[in-house]
Every structure is written in structure tokens, then in C-alpha cells.
Number of protein chains: 2
Amino acid sequence: MKILEDKIRAEGVVLPGDILKVDNFLNHQIDTSFVRLIASEFGRIFYGTGINKIMTVEASGIAIAYATSQYFNDAPVVYAKKGAVSTMSKDVYSADVHSYTHNNDYKLNVAKKFLSKNDRILIIDDFLATGEALNGLTQIVEESGATIVGCGVVVEKAYQNGGKLIRDKGYQVVSLARVTAMSDDGQIEFED
Amino acid sequence: MKILEDKIRAEGVVLPGDILKVDNFLNHQIDTSFVRLIASEFGRIFYGTGINKIMTVEASGIAIAYATSQYFNDAPVVYAKKGAVSTMSKDVYSADVHSYTHNNDYKLNVAKKFLSKNDRILIIDDFLATGEALNGLTQIVEESGATIVGCGVVVEKAYQNGGKLIRDKGYQVVSLARVTAMSDDGQIEFED
């Protein structure tokens, strides 16, 4: 998505440690009309696939998922909550996730009552790098028996293995911008 | 807001420990068209007040704030991030918050670059009870020199002291549903 690549080049910040910050428009401050553009692209790509529920992870996926819902008949958005690894409940689907960014472990939790076997789910997230969070979400949906129609990601670090991990499980992953390289002087390269 | 009270009566769940769960439509699963109705009410109430930025706290305030933005010329949404109390940075406004629900302390953090003295801010949150989070947000905005036009809350537990705390600081707090009592058998009463 050309306009997204331009936005990342203009407003994204590359920090030491392979960090790409887009908190200016996506995950701290939200450029709401731009997020609506992103959502419309997911709407176009997954049009006609019978999606009836959008899933994401708190907190940075919520606005994107909410905006995307309007393209799928105002489908409900369910966001997985991050909890301590000790958290367990029989009413909750859980998946263990390791965060390489924060170097800690946590659980993704989704109340069972919000997923059913008849659901056709679009998973939305802002970033895909190692794929830990996205993989956790797919595990939760698999456990529920619902169908994953596809995954919509705003920014994929294509040089990390997360995309391959999820695609090798057989899922369609659409990333609106695929970063192929970042340099310490702030240059960002995208897949042609 | 009558339709909100009806929704809470129909779908809200009262749990021991004075807990009101509305995770069916507001803060785990999101009823997106209903959140749009809530947002339109904030749009009506704060119309013409020159709001140019919406602030909230991750994660449950984000969808409501995002939806509200469209009534204020797609004003950017800035959500405060919850961090460990040890987190400190000179580039960040911080406020200490105690959570009575989870019985822990945390910091609200907002990057300084996202607040300016010229900003006219609407603060949005899903719940107001002891007022800890909302108070933290107001402290952050005060430190930035921006103007708080008002606070829009979806559900206020009017029998707790948070509303008074914020109003006594001189801020307008609009709560779309004001709960006056909850009983263990699940009855919920609202202010007339």
C-alpha cells in the first residue's frame, strides 16, 4: 500500500535494536482518517469472504480492528487480553506468548463465549515480526473451532520469520507494508 | 442515555466485589454499531467546543475514543500507555495510578510530543469509579499546559467518589449511564 509506505518513510522512526516506531499515527497517537484508509484496504482485500468477527490483541490492534469492522457489516471486534502467565480459567481460551520486544512472557486470553464454531474470523494486528502474538491468536481460534479466513497486518518485518511461521500453517497473511531492511541512519526499505 | 441503560441491564453482569462486567459489548467484545451510538452522544454533547484531540487510556477506551473522533473533524486520538512504576523518561508525561480492581500501582505515560499548549482535549474512558485513571489523565494534560474541555465517560459508578474528585477539580464530566446501586442478585439501578 503505497500511501502507507510513504507515511512510514515520513513519520516512522528507526531506533537501535531493530525498532520501528510508528507511534505518531498508529500505536500511541492515532491518525484516525489514516487508520480508516488502512481499514478500507482490508475491506477491499477480504470483501465477500463471509467474515463475521474481527479479532485482535490489545492495545494497538483495537482501533484498526474497530475501523475494519464497518466493511464487514459492523462485525463484532474481540480483542485478546494480555495477562500474567499464571492466569488460568476454564471459561477462557489462552495462548502463551513471548515478547522479544519486552523480553517477557505473557498469556493471551479470550473468553470462550465470544468464539463459536460458526465464526469466520479476520485477525488484525498492527505489527508482524516474530509472529508470537499472531501465532497465539491463531491457536486460540483453532481451539475454538472457528474458521480463520485470513490475517490482516499493517506492517510486516519481512526479514523476520513471523510471516513464514503463520503462512506455513496454511493461513493467508496480508501485510499492507513489508519492510525488507532498516538501517541505523533511519532508511527503511520496502518489498517491491 | 436510555438505550445504554437498557443495554447494561440486558447484557451487563454483576459479580461479587462490586464488579459490573460489560465485556459483552464494551471492553472485550466490542459491539461496534453500539459504540458508534455512544460516540455520537459524546459528539452531540461536546459539539462546538473546539475539541482538537481525544485522549484515553489503553485498552478499553481506544475504540470509544476512535469512534468519537469522527465528530471532531477526525481529531487524533492519543492513548496513555500503562507502564511499570519504575518507567521514567524525560520525553514522557507520567502519572501514578492505583488500581483498586487489580490492587496494583502503575504509571500512565504519554509522549510529550503528542500534547501541546494549544490543544483542546476531550478525555474519554469507559468506566469511572474511584477516578484514579481519569485523575491521572487530567494530571498529564495539566502538566502539558493543554486545555481539558471535558471528560466523557460511558459508565459511572455514581456511588463511588471518582466523579466528585474530578468535578471538584473544576472539570465537566459527562457520564452516559450513572449507576446508583448494584445488588448481588444482578439488579442494577440508574440515576433518574
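In which loop of chain B is B:His28 found? B:His28 is found in the loop between strand S2 (19-21) and S3 of chain B. Strands here are DSSP runs of E with at least two residues, helices are runs of H or I with at least four, and both are numbered from the N terminus.

This is a predicted model, in which local features need pLDDT of at least 70, side-chain atom pairs count only at pLDDT 80 or more, and totals for chains, interfaces and linings use all residues. Residues are numbered from 1 along each chain as its sequence is written, chains are lettered from A and ligands numbered from 1 in the order in which they are written, and side-chain values use heavy atoms, with hydrogens and water left out.

**View 1. B:His28 touches residues of chain A.** B:His28 is buried, at a relative accessible area of 5%. Buried means under 20%, exposed over 50%, and partly exposed in between (1.4 Å probe, protein chains only). Contact means heavy atoms within 4.5 Å. Leaving aside neighbours within four places in sequence, B:His28 contacts A:Val77, A:Phe114 and B:Asp23, among others. A polar atom of the B:His28 side chain lies 2.9 Å from the backbone oxygen of A:Tyr79. The B:His28 side chain also reaches the backbone nitrogen of A:Ala111, at 3.1 Å.

**View 2. Chain B meets chain A.** Each side is counted: 31 residues come from chain B and 31 residues from chain A. Together the two chains bury about 2,700 Å², 56% of it on carbon and sulfur atoms. Buried area is the accessible area (1.4 Å probe) that two parts lose on being put together, summed over both. Across this interface there are 20 residue pairs in polar contact, both residues at pLDDT 80 or more. A polar contact is a pair of N or O atoms within 3.5 Å; within protein, one must be able to donate a hydrogen and the other to accept it, and residues adjacent in sequence count only if both atoms are side-chain atoms. On the side of chain B that touches chain A, H3(B) gives the most, with 5 residues.

View 3. A salt bridge is a side-chain nitrogen of Lys or Arg within 4 Å of a carboxyl oxygen of Asp or Glu. The count between chain B and chain A is 4 salt bridges. B:Asp23 also forms a salt bridge with B:Lys21, at 3.5 Å. B:Asp23 is buried, at 7%, whereas B:Lys21 is partly exposed, at 35%.

**View 4. A:Glu41 and A:Arg44 pair within a helix.** Both lie in helix H2 (residues 32-45) of chain A, 3 residues apart, about one turn of the helix. A:Glu41 counts as buried, at 19% relative accessibility. A:Arg44 counts as exposed, at 55%.

**View 5. A:Ile8 sits in the largest nonpolar core.** This core has 78 residues, and those with the most contacts inside it are A:Ile8 and B:Ile8. A nonpolar core is a set of buried Ala, Val, Leu, Ile, Met, Phe, Trp, Tyr and Cys residues joined through side-chain atoms within 4.5 Å. Not counting residues up to four places away in sequence, A:Ile8 touches several residues, including A:Leu20, A:Phe25, A:Val155 and A:Phe190.
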